[in-house]
Amino acid sequence: MGASGGMVLVIVLVLGWITVRGYVPYLWREWLTSVDHKRIGIMYIILALVMLLRGFADAIMMRAQQAMAAGGAHGYLPPEHFDQIFSAHGTIMIFFMAMPFVIGMMNFVVPLQLGVRDMAFPTLNSVALGLTASGILLTNISLAVGEFSKAGWVAYPPLSELQFSPGVGVDYYLWALQIFGVGTLMTGINFVATILKTRAPGMSYMRMPVFCWTSLAANLLIVAAFPVLTATLAMLLLDRYLGFHFFTTDGQGNAMMYVNLFWVWGHPEVYIPVLPAFGIFSEVVSTFSGKPLFGYRSMVAATMAICVLSFVVWLHHFFPMGASANVNGFFGVMTMIIAVPTGVKVFNWLFTMYGGRIRFSVPILWSIGFMVTFVIGGMTGVLMAVPPADFQLHNSLFLIAHFHNVIIGGTVFGLMAGYNYWFPKAFGFRLDERWGRVSFWCWLIGFYVAFMPLYALGLMGMTRRMQHYDVASWQPWLVVAAIGVVVILAGIVCQVVQLVVSIRDREQLKVTADPWNGRTLE
């Protein structure tokens with residue numbers, strides 16, 4: 001595949017340059033074998049940023065294909081190639097971009113905020129990073145050598161069973177996620193132990209920064225949910241390798257059981273990356289408003305409410321699949337209820353800003369962009385929580401637009417805010433403000449141009465994962481969406497330029513111990 005081939009070439013060139021310059025012993029000694037939580041956190045974030053580029057390359061290819069492939073034109077990607085691309089895009093962005101980025105942020109910040117020297121189990125932390133990197137490597141090897149799964153990032157049977165996916169693609173997917181899942185579970189256990197058992201003297205629960213609370217909630221979800229994913233994928237592996245019949249319909253298996261188990265993990269999973277992002281917004285809004293966070297206790301309560309409620313909404317991912325009206329009604333109501341604590345958080349951030357002396361630096365721009373974008377995504381989510389509406393919208397591009405609305409508007413915007421906010425703490429100099437602003441506006445405008453047309457297309461009846469289509473009236477909307485992706489690409493390029501310029505001008509951008517003048521009490 002083109003994107004993977006390019007990625008492999010870039011990695012080979014970078015490794016060659018590192019070797020020629022003689023940096024290998026230093027990197028091995030000081031970084032790759034380090035158990036320092038700060039260095040491990042930075043390596044997680046570097047991994048995530050590389051995977052952001054890799055996963056975004058897939059997005060560009062998909063949008064270009066759909067913009068071209070109307071009527072008799074079939075675009076430039078054959079169906080089996082297109083199937084691998086959308087499967088890889090979802091897998092890479094959820095598992096190998098969002099999760100490592102969030103874990104990296106937590107690794108770097110949480111021990112510092114708790115006042116402890118390191119994580120509870122530093123070596124386990126390093127092992128978890130190695131397992132995550134191994135899962136990423138396995139996925140990218142499969143994309144360059146052989147094939148990747150064509151069964152989507154959720155790998156539903158029967159499509160992912162041996163009968164319908166006889167190639168090695170699904171096997172690569174399963175083993176990569178098993179390895180990654182074990183590493184992530186180690187991380188979750190490590191963070192829960194660190195936050196509950198190793199806080200500095202005097203750091204009581206209700207004195208912890210909100211980011212520590214959201215990190216605790218996210219890692220409790222990891223500990224509870226990831227074993228479900230591991231068991232589910234193990235059953236699918238047994239189906240494929242040893243002729244078991246957990247999910248094969250012709251062997252009295254039940255494919256719907258896979259869907260249930262996957263989303264028992266999958267719905268808590270979408271809150272695992274977004275909860276720490278909420279913590280980042282709490283830190284940023286308070287700092288740049290010059291005020292303590294409004295409603296600290298209600299913010300903690302809302303965080304833990306989301307942690308619990310996220311386990312009782314999974315069925316809304318498959319309302320049209322034959323459950324009774326009572327079951328669908330219960331999960332619809334619970335889905336609406338889980339929007340309430342999220343709304344509490346938004347009001348708390350707005351009340352924190354109200355009456356404050358707001359400084360519109362790059363981190364708070366990302367935070368304000370998040371509030372607007374996430375509320376729109378939340379409203380479309382509540383719409384789809386109504387089972388009759390979901391019967392029409394499920395499996396359409398409306399769902400794709402909603403999902404990206406909350407994941408990009410929530411998780412990615414939060415991670416970018418945290419990246420700009422804590423970069424001076426990590427490296428002693430700020431990121432260039434001008435390029436950061438340009439990047440933010442490209443991301444924000446590009447996001448709306450790329451995804452708002454998908455809401456319209458979903459209401460017009462366009463289903464997701466279409467390699468080509470015959471309805472000519474869809475094409476203009478898809479062309480606009482492709483333009484939006486190009487604008488987001490400009491934002492990513494600006495972020496690369498921002499980093500390069502900041503490293504070049506680091507002497508001028510050096511900061512003190514309080515780089516943002518974050519004192520909120522006179």
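The report below describes salt bridges and the accessibility of the residues that take part in them.

This is a predicted model, in which local features need pLDDT of at least 70 and side-chain atom pairs count only at pLDDT 80 or more, while totals for chains, interfaces and linings use all residues. Residues are numbered from 1 along each chain as its sequence is written, and side-chain values use heavy atoms, with hydrogens and water left out.

Side chains of opposite charge can pair when their charged atoms come close. With a salt bridge taken as a side-chain nitrogen of Lys or Arg within 4 Å of a carboxyl oxygen of Asp or Glu, the count comes to 9 salt bridges. The table lists some of them.

| Salt bridge | N to O distance |
|---|---|
| R39 and E30 | 3.2 Å |
| D36 and K38 | 3.3 Å |
| D505 and R504 | 3.0 Å |

In the pair of R39 and E30, R39 is partly exposed at 23%, and E30 is partly exposed at 30%. These two residues also belong to a network of salt bridges that links R29, E30 and R39.

For the salt bridge between D36 and K38, D36 has a relative accessible area of 23% and is partly exposed, while K38, at 30%, is likewise partly exposed. In the salt bridge of D505 with R504, D505 is buried at 19%, whereas R504 is exposed at 62%.

Technical notes
Buried means under 20% relative accessible area, exposed over 50%, partly exposed in between (1.4 Å probe, protein chains only).
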